[in-house]
Amino acid sequence: MSTAEVCLWEDTIEAGASWALILRRGNSLRIEDPNGGANVAAMFYNFDCPVERYNMPDTLKAQHIAHLTKGFVLYSDMGRILCSITDDSCGWHDPLCSHNDAAAVASKYGASSYQTDRNAWHRNTRDNFLAEASKYGLGLRDIGQNVNFFSKVVVEESGAMIFVPGNSKAGDYVELRAEMNVLVILDTGQHPLDPNPVYDPRPVRFQVGQATPPGPDDPCRISRSENERGFINTERYFL
Amino acid sequence: MTESRLAPDAASYSSVVPAGDFWIHEIKKGQTFRIVDLEGNQAVDTLFYSVRDTSERYSAQDTICAQANIYLTTGTTLISNLRNPMLTIVADTCGRHDTLGGACAQESNQVRYAIAKRHMHACRNSFLLAVAPPSWNLTKRDVTANINFFMNVPVTPDGKLTFEDGISEAKKYVELRAEMDVICVISNCPQLNNPCNAYNPTPVQVLIWD
């Protein structure tokens with residue numbers, strides 16, 4: 001683990017499954033794609049006050065980006081940094097697209113039910129998000145924007161969004177450092193623009209560790225002046 | 001670019017939203033709703049909620065995913081978080097509209113411009129005040145990623161995003177047909193730190209036809 005000093009625990013999120021994790025300020029989260037082709041939809045909340053949550057527009061416009069990689073940070077709607085992206089081997093994660101729901105999974109991948117397929121039935125990210133969010137007192141009103149780790153969607157000059165297959169190779173990883181106490185809900189369902197007609201979600205491994213605290217020369221802090229101010233807002237919150 | 005045949009004189013509702021103010025109003029299924037950029041280059045931050053159940057609302061990510069295009073213009077269907085059509089853009093003399101730039105906020109202004117900018121008027125406060133009456137059944141958790149009508153936020157193939165000078169002009173308009181009963185919330189953007197309002201926020205007009 002590159003920025004973690006200590007691995008606290010690790011586990012697997014199975015294909016098509018979801019897991020809500022609590023990251024304490026200073027924890028790291030490394031997500032690995034062992035087989036390649038994974039997608040991990042993720043939502044982020046301030047665990048201490050979940051009405052503060054990840055905000056896609058504020059993340060994009062503060063950093064003038066339409067993709068995520070090492071050196072960028074994830075902003076809440078309150079001008080604070082929920083997580084920094086401290087390492088990344090695949091270079092592009094999609095912050096633009098949504099996630100599949102039951103109707104999309106049924107129409108794209110065909111009928112499947114628990115009655116016939118037991119735990120191999122086709123899951124969908126929306127229902128998984130709803131179940132995990134509800135465990136922490138959150139609901140449909142709280143399911144806002146998500147990130148899709150390991151997936152790449154390029155925007156052409158016309159505005160057209162093109163899914164790029166094969167963005168994440170076997171062994172690729174992304175590493176986050178929690179700058180606040182964060183509730184993160186992860187789901188391994190397929191990306192909504194993935195043209196693959198087969199239900200084929202991939203599992204991911206994750207490790208929660210203790211990260212090296214961001215110093216004055218931290219790459220995410222100094223990557224642009226906006227982020228320096230984002231760190232100021234975040235550090236003031238914990239004084 | 002698509003022009004409308006509807007005459008302003010025939011509208012059942014017409015109002016001017018002054019620069020920096022908010023507007024909240026119900027639009028019934030089948031009604032047509034027009035926003036006019038009266039003086040040009042004015043960002044109109046807009047949210048929609050289902051009247052029947054306000055936990056159903058406009059979803060920027062679902063709308064751009066459904067059409068696989070980030071820009072909104074004639075033919076775009078605005079999609080809810082439950083993946084239902086809420087409104088359809090039926091006329092547009094501006095050409096394209098943004099839904100990635102979100103609303104300005106006191107806190108994001110601190111990040112984007114300077115810590116000392118916190119005092120400046122911002123769209124998110126307008127949204128929060130607009131939905132403050134309990135009868136709307138909306139709170140901060142419901143204030144999600146919005147549309148910015150008349151705003152120009154281009155994205156490049158290498159994944160960069162910028163706020164550019166507007167492509168709108170005086171009297172340009174966008175017109176939408178409601179596919180369900182909706183609550184429309186507008187913040188007529190007061191931002192003075194970037195070119196989204198040409199550094200001079202101005203009024204807009206809202207009209208509704210039955």
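Let's start with one residue: leaving aside its neighbours within four places in sequence, B:F48 is in contact with B:R57, B:Y58, B:L78, B:M86, B:L87, B:V182, B:I183 and B:C184. Here, contact is a matter of C-beta atoms, placed from the backbone, lying within 7 Å. The model is predicted, so to speak of a local feature takes pLDDT of at least 70 and to count a side-chain atom pair takes pLDDT 80 or more, while totals for chains, interfaces and linings use all residues. Residues are numbered from 1 along each chain as its sequence is written, and chains are lettered from A in the order in which they are written.

**Nonpolar cores**

- B:F48, B:V182 and B:V185 touch the most other members of the largest nonpolar core, which has 65 residues.
- Strand β9 (residues 182–188) of chain B gives the most to this core, with 5 residues.
- Another core, of 48 residues, lies apart from it and includes A:L21, A:V147, A:F149 and A:L183.
- A nonpolar core here is a set of buried Ala, Val, Leu, Ile, Met, Phe, Trp, Tyr and Cys residues joined through C-beta atoms within 7 Å.
- A residue is buried if 20 or more other C-beta atoms lie within 10 Å of its own, exposed if 12 or fewer, and partly exposed in between, with C-beta atoms placed from the backbone.

**A sheet and a helix in chain A**

- Four strands of chain A form an open sheet in the order β2-β11-β4-β7, with antiparallel pairing.
- β2 and β7 (147–149) of chain A stand at the edges with a single partner strand each, so one side of each has no neighbour in the sheet.
- Strands pair if DSSP finds at least two bridges between them; strands (E, at least two residues) and helices (H or I, at least four) are DSSP runs, numbered from the N terminus.
- β4(A) and β7(A) are joined by 3 bridges in the antiparallel sense, and A:A42 has A:V147 as its bridge partner in β7(A).
- α4(A) packs on the sheet, touching β2, β4 and β11 of chain A, and its direction makes about 150 degrees with that of β11(A).
- For such angles, axes are lines fitted to C-alpha atoms, for helices over the stretch in contact, and the values run from 0 to 180 degrees between N-to-C directions.
- In helix α4 (residues 125–134) of chain A, the buried residues are A:T125, A:R126, A:N128, A:F129, A:E132 and A:A133.
- Seen down the axis of α4(A), these buried residues fall within an arc of 160 degrees, so they line one face of the helix; the arc is that of the directions from the helix axis to the C-beta atoms.

**Strand pairing in chain B**

- β1 (residues 13–17) and β10 (residues 204–209) of chain B pair in the antiparallel sense over 5 bridges, and B:V16 is partnered by B:Q205.
- β3 (residues 32–37) of chain B also runs antiparallel to β10(B), joined by 5 bridges, with B:R34 partnered by B:L207.

**Two residues with positive phi**

- Most residues other than glycine have a negative phi.
- B:N41 is not a glycine, yet its phi is positive, about 50 degrees; B:N41 sits in the loop between β3 and β4 (44–50) of chain B and is buried, with 23 other C-beta atoms within 10 Å.
- B:R83, in the loop between β5 (77–79) and β6 (85–92) of chain B, has a positive phi of about 65 degrees although it is not a glycine.

**Where the chains meet**

- 41 residues of chain A are in contact with 34 residues of chain B.
- α1(A) gives the largest share of chain A's side, 6 residues.

How values were computed: Two residues are in contact if their C-beta atoms, placed from the backbone, lie within 7 Å.
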